[in-house]
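Please open the structure in your viewer and keep the selection tool at hand.

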Amino acid sequence: MLVAFFIAFSIHPPIFGKHPSHTAVPSGSNSALAVVISPGLVFSQKSKPIDFSQTDSVSVSEQSADGVSPWPTSPPEEQGMDSTKLAAMLDFLHSDSRNIHSILIARHGKLVFSVYFPPFNRDDLHNLYSCTKSVTSAAVGMAIRDAFIKDVSTPAYTYFPNLILDDEAKKGITLKHLLTMSSGLEWSEPLRSGLSDTWSLNDSDSPETYFFSRPLAASPGSVFNYNTGGSHLLSMIVANSAGETSSNYIHSKLFQPLGINHFEWLKDATGHTLGGTGLALTSEDMLRFGQLYLQKGKWDGLPLLPADWVIESTRSQIPVQAGVNYGYQWWVRPNGIYNALGWGGQQIMVIPQKDMVVVFTAGIHDASWNTYDDLINTFILPSARSSFSLPPNPAGNSSLQIQLHTISHPKAMPPSELPSSAREISGKTYVDLNGSHGWSTFTFYFDRSDEARLDLMYGEKSEEIKARIGLDGLFRVTDTTNYGPLALKGYWKDKTTFVLTQQFLKEAERISMTLTFTGNDVKRFSQWTVEDYNEESEAKLLN
């Protein structure tokens, strides 16, 4: 969900976004500021497909990870959890409208529950969006440990020697203010708008200059104000201090010891690793990162993060709204639970009281810090009945396995008979006049009742994708070079209207398209399911 702000300021009333929903209380300040937020956003580029070829990326086999073993698994009862409750959660989710991609639960360091909802699977990388911020925070903690950075009270501008400030007061913005999103700078992150400061910063040839050029609307440290730009500056500061990109630094110092061997991470226009979004991990590796924090920075007995950094990062540093505060790039609740949050419902939730980590990946509209509270409070926490092993539960475990099998092996629907127009359209190439969300030229082939084919020229790199489309209610997945796996399914609504569902497996967003064929023309209406957005485009017959 869009994190948006509105600040009422007596002289220059800056616009901090839109869709206000909650008020955050300033901390230790009498400034006439009222910050209104809807927590949970990240950088979004839905009209412009994300090109994952422009990344820092690593992919090595699990066996090549030096001394790192896969996640140990365990039946729920052995870790004091009730299989019956977990099975009931899956039964509940059958009728739930949320587009959840995966749920994983670790307790006492063991993987006790893992479900992937097709077309998603265990090996898929998934964009973390703003969960990336929590990883960037870890990099800052490591850089302090390694003496690349002195401490969080260091003024941020000192890491950019060529930076010229237009306001002496901005020298008071410290690393802690970036970590706690309390720099006091005006900042706007509306989706689908040229007014997004985050987009402008990422495209700038001097991100630090852009960041510090924003007017100072509040005293640094006085008020929480969601700012992905500050997270990106932290990534740049780590790079400038350590002498390598923050992704390389994190890979060698954190990911390799954790056994994270496959990741992708987007860069800005200057080649710096994005600090506030753009990291893609598997769900299990998201779980590893959460488990590291649960264990106060230790992994296999080795201190990968300083314990005091973990403690400081995950305690309340600044108030946000009733029910949630903010630490060092972590959302912190009064009950001790803390979360890494990403747009569309990505979450790494650490529950110290239950010695538990829960990971969600999803594509949910208006997702926020409490999106999964019903699942947590009704099923997951009640399932943790004991800190010790429970007696074996054959009936509950059987029910859980049946639910998992049903989800992972969905039944195909009997395909309907193709209309005569499908054969008339088959093999004809159309050119999209708008180039909407990456589509350029496209050709459908309807030569089977259960599966179609699509030749698509897609994205800024004009990649030629030869994809399959399930016509039996099931997605077909096709690998692409630049955008990751693509899943498609569709059906004929009537003799001239074809409905297509598009899901890139690295992304939260799912797009439903209605294509209406009339003579040599195609009208395409596309509805985004995560972002509140739709658009129309037209295509003409090319041959």
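**First stop: strand β16**

Select residues 338-342, which make up strand β16; five of its five residues are buried, so the strand is largely enclosed by the rest of the structure. Please bear in mind throughout that this is a predicted model.

Now display the side chains of β16. Which residues point one way from the strand, and which the other way? Tyr338, Ala340 and Gly342 lie on one side, while Asn339 and Leu341 point to the other, and all of them are buried.

**Second stop: the partner β15**

β15 runs antiparallel to β16, and two bridges join them. To see how they line up, select Trp331, which stands opposite Asn339 in β16.

Next, follow the chain from β15 to β16. The two strands form a hairpin with five residues between them. In this turn, select Gly336, whose phi is positive, at about 95 degrees.

How many bridges pair β16 with β17? There are five, and the pairing is in the antiparallel sense. Return to Asn339 and look across to β17: the residue opposite is Met349.

The hairpin of β16 and β17 has three residues between the strands. Select Gly344 there, which takes a positive phi near 85 degrees.

Move to residues 283-294, helix α8, and select Arg288 within it. Is this residue buried or exposed? Its relative accessibility is 3%, so Arg288 counts as buried, the cut-off being under 20%. Then select Leu258 as well: although Arg288 and Leu258 are 30 residues apart along the chain, their C-alpha atoms are separated by 6.9 Å.

Select residues 83-93, helix α1, together with residues 394-408, helix α11. The two pack at an angle of about 30 degrees, and their axes are 8 Å apart. Because of that angle, α1 is roughly parallel to α11, a description that applies to angles under 35 degrees. The crossing of α1 and α11 is left-handed.

Finally, show the side chains where the helices meet. On α1, the contacting residues include Leu86, Ala87 and Leu90; on α11, they include Leu400, Leu404 and Ile407. The residues of this contact divide into six nonpolar, six polar and one charged.

Definitions and conventions. Residues numbered from 1 in each chain as written. Predicted model: local features only at pLDDT ≥ 70, side-chain atom pairs only at ≥ 80, totals over all residues. Heavy atoms only, no water. Axes fitted to C-alpha atoms, helices over the stretch in contact; angles between N-to-C directions. Helix = DSSP H or I, 4+ residues; strand = E, 2+ residues; numbered from the N terminus. Parallel < 35°, antiparallel > 145°, perpendicular 65-115°, else oblique. Left-handed = near helix turned anticlockwise from the far one by under 90°. Contact = heavy atoms within 4.5 Å. Nonpolar A, V, L, I, M, F, W, Y, C, P; charged D, E, K, R; others polar. Buried < 20%, exposed > 50% of the residue type's maximum accessible area, 1.4 Å probe, protein only. Pairing = 2+ DSSP bridges.
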